[in-house]
Amino acid sequence: MAKTETKQPPRKAEHAAPAAMPEAAAPKRLFETLSGIPIKPLYTEADLPKDAATVGKPGEFPYTRGLHPEMYRTRLWTMRQFAGYGSAEHTNERFHYLLGHGMTGLSTAFDMPTLMGYDPDHPMSLGEVGREGVAVSTLADMDILFGGIPLDQVTTSMTINAPAIVLLAMYVVVAERRGITPDKLGGTIQADMLKEFIAQKEWICPPRPSVKICVDMIEWCAKNMPKWNSISISGYHIREAGATAAQELAFTLADGFGYVEECLKRGMDVDDFAPRLSFFWDVHNDFFEEIAKFRAGRRIWATIMRDKFHAKNPRSLQLRTHAQTAGVSLTAQQPLNNVARVALQALAAVLGGTQSLHTNSMDETLALPTEEAATVALRTQQIIAYESGVTETPDPLGGSYFVEALTDRIEQEAMQYIKRIDEMGGIIQAVERGYPQKEIADSAYKFQQQVERGERVIVGVNKFQTDEEITIPVLMIDPEIERKQIERTRAVRAKRDADKYAKAMTALRDACMSDKNLVPFVLDAVRAEATLGEISDVFREAYGVYREPAVF
Amino acid sequence: MRKIRVLVGKAGLDGHDRGAKVVASAMRDAGFEVIYTGLHQTPEMIVQAAVQEDVDAVALSILSGAHMTLFPRVLELMKEKGIQDVLLTGGGIISKEDMAALKSKGVGDLFGPGTPTTAIIEYISGWVKQHRRSKVGA
């Protein structure tokens, strides 16, 4: 426990851990996965699943071994690097740069005000504009962001949640103005609000209206955007907040089943929307555990979609996923080491059978990535794809005693959580009670204590530290961006057709008071150049603002 | 002697609360009285809570890059409200240069990723003991 004597401030705090550990008491070896699953000294045939059908073949139910019969022999995963900083111009430049270097899909990171539905001149936006991603407040910003990019040829992912309906509408209207109809657009909006309340904590309204808006998008996209993933049900943020692998799987799949139930309540046919539901996993450090997680996730989804929701279309049963290496595993100490961590994690995602991948940049614990760091991250994927040979046969680890046993174990742990959530009345109730939030916070604290006792080694942080300061270049964001973004947003408000704007906003307000699908109304508001903050304000007025109980 | 009271705050729009909660739990286990503000607080809300709760230290967690705006604003408000004898410390994704710049303005030590919670606890305990002593002496 902490010493309380007055000491010099620990300037090199990072070099002090585990400070309180006496030499004699070596930390115990855990012999367990990163998530705490015990590992035996030996795995044999006896550890393989009793029923070989639960493993099956790639491209066949329950898809444990992957979604396609030949996996990466037919088509590599999409290399989709998340990018966004500063103004729309800056990010557009980075998009062109990454596409020029062989990136195969776009992925947009928005800044905090955009993510929370505030315009740049709102008091809450102070100091935040363009810092954590790109600022997009108006249709004009969106047009600049995708300038020179053929929207009918690339696929675009947007990491946007509470105001996803607005950004989706902006994307559709930008395309419309370029003569491209919504059915030609391919991509994904994250839009998964349940995981916001569980982990990422970016919201506008309380859970129920938030889920209602998600379902509006799923419904509208199912009819109008056949190539668009209307939601990316995300475990990434849940894991980053501290969840174990099984918790990540369980809470995310439970979110997915929650959306399915809400869609069914509206009278939609499961096979009309389920094929466009997509997922997003974190890939953490524990190599085999991560591979097992991907495999177990596909198996649970396929089984429950078939047996509980009676989906018939094979695509409704297939858990398609994007993956991102674990930002939380990267260290500010000796940042070059992060390249090795990212490479191992990326390899696990590929061996787990991901459809799409983002590799983190080595400098992400220090700032947003520089161009050089982002390039190394992309090259890491290309080395796995073109040099390592792991793409030559699907699921090369299938049948491994250890990997199959771990897959079963993670499936069992996740299913226990899913059952518990069902008993609570479903995921929305569980989230309102703070159940997943508390489980995650407990796991995070347990992990930190293990690190501080030295039971978990983090190279360069609590072992193999150096006194030498290792520095790498970091990206600086110009504070001028905030001022310019405010000017541009105000100019849009001043120039637009006031009557058209007022009409569209009144119609949107009225629609919020009904149970109509909001997408067409938001599209009209965007066409009338309503800003992101103004549309979000309509939601705030109609549905209220969410405040999380402050517990730890 | 009363227990050390710390306000753990999340300023601005940043929703990354893993670190703040882990640090708050560790402080509680170390015997501090911890008040956690919850998310999305303005500098005004944080300083008001610090005054009401009569804390020894305010520990802000900022991972959104807005630290150069939010720390100075909180410090300014603390002076306005007459609680300049309260420590303002914190952590997040903050470069060494920015830490030094904030320190020169009167912010206390700031802690980056990988810091053991024990280091933060020792720093706050040490600071509070020293400053309570000097207050008594004054």
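Colleague: Why is strand β3 of chain B largely enclosed by the rest of the structure?

Modeller: A residue is buried if 20 or more other C-beta atoms, placed from the backbone, lie within 10 Å of its own, exposed if 12 or fewer, and partly exposed in between. In β3 of chain B (residues 57–62), 6 of the 6 residues are buried, so the strand is largely enclosed. B:Ala57, B:Ala59 and B:Ser61 cover one side, and B:Val58, B:Leu60 and B:Ile62 the other. This is a predicted model, where local features need pLDDT of at least 70 and side-chain atom pairs 80 or more, while totals for chains, interfaces and linings use all residues. Residues are numbered from 1 along each chain as written, with chains lettered from A and ligands numbered from 1 in written order.

Colleague: Is A:Ala191 buried or exposed?

Modeller: A:Ala191 counts as buried, because it has 29 C-beta neighbours inside 10 Å. Its phi is near 60°, a positive value in a residue other than glycine.

Colleague: And where is A:Pro62 found?

Modeller: A:Pro62 is in the loop between α1 (13–16) and β1 (78–83) of chain A. A cis peptide bond, with omega about 0°, joins A:Phe61 to A:Pro62.

Definitions and conventions. Helix = DSSP H or I, 4+ residues; strand = E, 2+ residues; numbered from the N terminus.
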